[in-house]
Amino acid sequence: MEALVTLCKRRGFIFQSSEIYGGYAGFFDFGPLGVELKRNLKDVWWQDLVHGRDDVVGLDSSIIMHPEIWRASGHVGGFSDPMVDCKESKKRYRADQLFFAPVRVDGETIGYVSVEEKDGMEAEATEKAQTLKRKLSVQGELEPVVLREYTEAREDEYALIPSPATGKPGSLMAPRQFNLMFETKVGPLADASAVAYLRPETAQGIFQSYKNVVDTGRVKIPFGIAQVGKAFRNEITPRNFIFRSREFEQMELEYFIDPDEETWPAAYRYWIDWCKNWLVSLGIPASMVGEDVHPAEKLSHYSKGTTDLTFEFPFGRQELWGIACRGDFDLSQHQKHSGKSMEFFDEMRKQAGKEPFRYIPHVIEPSLGVDRLFLAVLTAAYQEDSVPNEKGEPEKRTVLRLHPRLAPFKAAVFPLVKNKPELVEKARGLYESLRRRWNIDWDVAGAIGRRYRRQDEIGTPFGITVDFETIEKDGAVTIRDRDTTQQERIPLEGVEAWLAERLR
Ligand code: ATP
């Protein structure tokens, strides 16, 4: 993870926001290369999901919407995380990410240990339990440590559980619910009626505009509305780089289906598979993607099923993409709160004599965080290997094996030397013609091997070198493949077609 974060900073993918003021937790800037990769992720999603299908249309709704939307959706009342404060260190934890266990020796509780959620936290807790036993000089058999969420602690246990920050009990408070929505005020009056929210998800933007799309488009059930945009959550513990931030982007699809009981399971499975296959099509190995099916007792009352596609992040397996069957909950809520009918008139069902033909559609919602996808793509692409240098000796390199559709630069053009005007001019001409179609880099500085390495590190799939032979002999260039490092000689006039073939 550290290597990735360093690369992101060094090569201009991601910077800490407000760095000159000491940074601002949970906010990030995407630098010159990061913005390209992020745009490519969003463009590819849009191409494949909206342009590439007959049954999905797009939408770009506003970020700040009527506050009643968030009451209808349940966010005002319930979009909160349990938070716990440590009085002494002033550190703040999410209570569902803080775990504790009594330390028991021969049936007696001798104290408590606590750990923050992470891979290997059981081992860490056991080690802490052993240390406590030694410190208190207690003899006997240590019982296996069984961790529980801090949200499950009894009131009389709060004072006994040590804070992970200080290692001492007595400073952790009882959990409190903390609403994650950022508030703002709209209009000149600063009273309670002016309170509005920055959207914590893009999905409600789709539901509140659903009627407009139905009334103006020629959509037929089943159909989807897709949206890409910013979302804001005042996360208690932003962490793991861009995995959990306070300002992020989502790519969400609401796929509307009929309410028949037999319709949703197939649609649900279809979208889980679609999402998985899409990740694989972008070069993410299937072995790094898992399915975490939420158990029935953890589902919200309206949900028929939720599956998270997880990814093997450097800090452990975590949610990347949530796919939820939300029934007709959202549209029904908006119908109730707005007083406007959300019913869909299904002409096809009417003609087929199928009831109901007027109904509130049900919905399948695949919801993906752009920033999490960014991190997943980088994690999967990052590699350190060894390739022969100009002298044929093995040399270490860092390479981002990004899919060509995602790579910030699709190719880089290099004149072999910079002091031969004829050669530079030829290379520049090629560069100018290719950049009309793609984002292409131009690099004249340093030995050619070093220029290759620089491009490998930022994931440029192809390096194109114009050399003496190009101008003196064959009018061809050398194209080097990032992954295999193999080189091919291609006639100048054939370069664009050669690239087009490989950049699809
Ligand atoms: P978590 O349990 O991790 O807080 P969630 O279940 O609340 O996430 P959803 O509300 O399902 O997340 O959001 C849908 C998607 O949006 C997530 O799968 C994730 O990719 C992305 N996402 C959610 N919160 C954040 C965040 N704070 N930073 C970056 N991406 C996020």
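**The hairpin and its surroundings**

Modeller: Gln383 has its bridge partner in β21, namely Val399. The model is a predicted one, and what follows describes it as such. The pair belongs to two strands, β20 (residues 382-388) and β21 (residues 394-400), which run antiparallel and are joined by seven bridges. Five residues lie between the strands of this hairpin, and Gly392 adopts a positive phi near 85° there.

Four elements, β13 (247-257), β16 (316-327), β19 (362-369) and α10 (370-381), each contribute at least two residues to the shell around the ligand. Of these, β16 gives the largest share, with four residues. In total 16 residues surround the ligand, and the closest are Phe248, Gly322, Ser367, Gly369 and Arg372.

A second case of strand pairing is found in an open sheet of five strands, ordered β23-β22-β24-β25-β26 and mixed in its pairing. The edges are held by β23 (440-442) and β26 (487-491); each has a single partner strand, so one side of each remains without a neighbour in the sheet. On average, neighbouring strands here are turned by 25° against each other, direction ignored. Within the sheet, strand β22 (residues 411-415) and strand β24 (residues 462-466) are parallel and share five bridges. Across from Ala412 stands Gly463 of β24. Helix α11 (residues 421-435) packs on this sheet and touches β22, β23 and β24, with its direction at about 165° to that of β22.

Ala125 counts as buried because 20 C-beta neighbours lie inside 10 Å. Leaving aside residues up to four places away in sequence, Ala125 touches Ala101, Val113, Val115, Val145 and Leu147. From Ala125 to Glu390 the C-alpha to C-alpha distance is 51 Å, with 265 residues of separation in sequence.

How values were computed
Residues are numbered from 1 along each chain as its sequence is written. This is a predicted model: local features need pLDDT of at least 70, side-chain atom pairs count only at pLDDT 80 or more; totals for chains, interfaces and linings use all residues. A residue is buried if 20 or more other C-beta atoms lie within 10 Å of its own, exposed if 12 or fewer, and partly exposed in between; C-beta atoms are placed from the backbone. Two residues are in contact if their C-beta atoms, placed from the backbone, lie within 7 Å. A residue is near a molecule or strand if its C-beta atom, placed from the backbone, lies within 6 Å of it. Two strands pair if DSSP finds at least two bridges between them. Axes are lines fitted to C-alpha atoms, for helices over the stretch in contact, and angles run from 0 to 180 degrees between N-to-C directions.
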